[in-house]
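Hello,

Please find the structure below, with notes on what was found in it.

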Amino acid sequence: MAAAEKHQELFERLVDIRRVLHENPELSMEEHETTARIRSWLQEAGIPMLDYPSLKTGVVAEIRGEQAGPTIALRADIDAPPIEEQTGPPFASKSPGKMHACGHDFHTASMIGAALLLKERAQELKGTVRIIFQPGEEIAQGAKHLVDAGVLEGVSAIFGMHNKPDLPVGTIGVKEGPLMASVDRFEIDVIGVGGHAGIPNKSVDPIVAASQIVSGLQSIVSRNISSLQNAVVSVCSFHGGTAWNVIPDKVKLEGTVRTFQTDAREAIPGHMKRIAEGIAAAYGAGIDFRWFSYLPMVNNDGRFIEVVTEAAEDLGYETVPAEPSPGGEDFAVYQLEVPGFFVWMGTGGTEEWHHPAFTLDERSLPVSARYFSQLAVKVLERWS
């Protein structure tokens with residue numbers, strides 16, 4: 001079969017797979033039908049899968065080369081966020097309130113394509129490629145669950161990607177070092193003394209104190225963190241009060257902090273607690289501060305910058321400097337265990353991630369599949 005015909009055949013196959021997935025999105029850790037479909041497609045292609053008894057959703061496939069060598073991993077995520085789709089194609093979500101608005105259907109179809117290509121290239125592989133179809137990325141629990149199950153045992157390195165709507169098809173964003181921010185969550189209870197709204201002097205109003213705390217926290221980035229560092233402090237939830245004429249006794253604030261430097265991440269909770277305590281004390285109130293470490297940053301190992309770039313160039317794709325994102329990605333959890341590299345895959349979409357009208361150009365499917373196939377071959381060749 002001519003190269004153009006093989007490319008068209010791959011394109012059509014991956015489009016079919018992606019559209020089936022897009023029509024049938026499932027939320028994090030509920031991806032039972034998605035898991036069954038992935039297993040069926042892999043079985044149909046004769047690609048073996050590994051069994052991890054503790055995994056209820058997700059699939060791990062493995063392609064062994066004809067030559068001995070290390071094992072590397074490729075990773076795709078399979079879940080969808082709880083978003084009502086507003087796009088309108090025939091293959092739009094059939095599940096109300098669920099949509100592949102982050103492109104995980106693209107990621108999954110792409111990696112199935114890479115698996116198909118790698119099976120054809122088994123004689124070139126100087127080692128083994130383990131392909132991870134991970135559940136639960138949207139809730140940042142899936143990667144940890146898979147690591148605990150042992151999917152990285154024997155793996156020397158891991159590679160992954162996220163679609164990037166603002167990059168054109170055939171363009172791959174590459175950057176060593178921090179690419180996506182660490183993600184942490186905080187809660188602050190501002191504790192006052194409730195009372196009658198018409199007699200505020202007999203109360204300690206936590207709403208007034210909490211409002212000042214929200215403003216005060218914004219000074220952390222401008223005055224406590226180096227101007228050479230990157231950080232975001234966002235209060236995203238403010239809850240207090242049950243009636244229009246009653247001062248409540250407590251207000252709850254909740255939000256997130258995003259950072260790209262470990263020392264900034266470690267310093268910010270202390271600054272937040274100090275500011276909140278000081279402002280609350282000035283109003284006669286108290287606080288209960290709680291910090292929840294969520295995800296580390298996606299931090300690309302510089303040893304792979306050359307090979308991830310060359311793999312794109314081999315195929316005639318363009319590489320560009322990847323712009324860091326303050327979004328979080330639990331691919332970072334794998335990078336705590338083994339060295340890894342995460343790239344942006346250009347998909348020429350119209351909207352950003354998690355938008356109800358999110359779209360992508362399906363011509364990027366074979367681009368991504370071919371890229372990860374080539375990358376796996378080159379990594380094993382270089383590190384065998």
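**The sheet and its helices**

Seven strands form an open sheet in the order 1-3-2-4-15-5-14, with mixed pairing. Strands and helices here are DSSP runs numbered from the N terminus, with at least two residues (E) for a strand and at least four (H or I) for a helix; two strands pair if DSSP finds at least two bridges between them. Strand 1 (59-64) and strand 14 (318-321) are at the edges with a single partner strand each, so one side of each has no neighbour in the sheet. From one strand to the next, the twist averages 25°.

This is a predicted model, in which local features need pLDDT of at least 70 and side-chain atom pairs count only at pLDDT 80 or more, while totals for chains, interfaces and linings use all residues. Residues are numbered from 1 along each chain as its sequence is written, and side-chain values use heavy atoms, without hydrogens and water.

Strand 2 (residues 67-77) and strand 3 (residues 126-134) run parallel and are joined by eight bridges. Gln67 has Lys126 as its bridge partner in strand 3. Helix 3 packs on the sheet, where it touches strand 1, strand 2, strand 3, strand 4 (155-164) and strand 15 (340-346), and its direction makes about 160° with that of strand 2. Contact means heavy atoms within 4.5 Å; axes are lines fitted to C-alpha atoms, for helices over the stretch in contact, and angles run from 0 to 180 degrees between N-to-C directions.

**Helix 1 against helix 3**

Helix 1 (residues 3-23) packs with helix 3 at about 145°, the axes being 9 Å apart.

Phe106 lies in helix 3 (residues 104-120). Phe106 counts as buried because its relative accessibility is 0% (buried is under 20% relative accessible area, exposed over 50%, partly exposed in between; 1.4 Å probe, protein chains only). Beyond neighbours within four places in sequence, the contacts of Phe106 include Arg18, Met161, Met345 and Leu360.

**Cysteines**

How many disulfides does the structure hold? It holds zero, a disulfide being a pair of cysteine sulfur atoms within 2.5 Å. The sulfur of Cys236 is 17 Å from the closest cysteine sulfur, in Cys102, which is too far for a bond. Cys102 is buried at 6% relative accessibility, whereas Cys236 is exposed at 59%.

Regards
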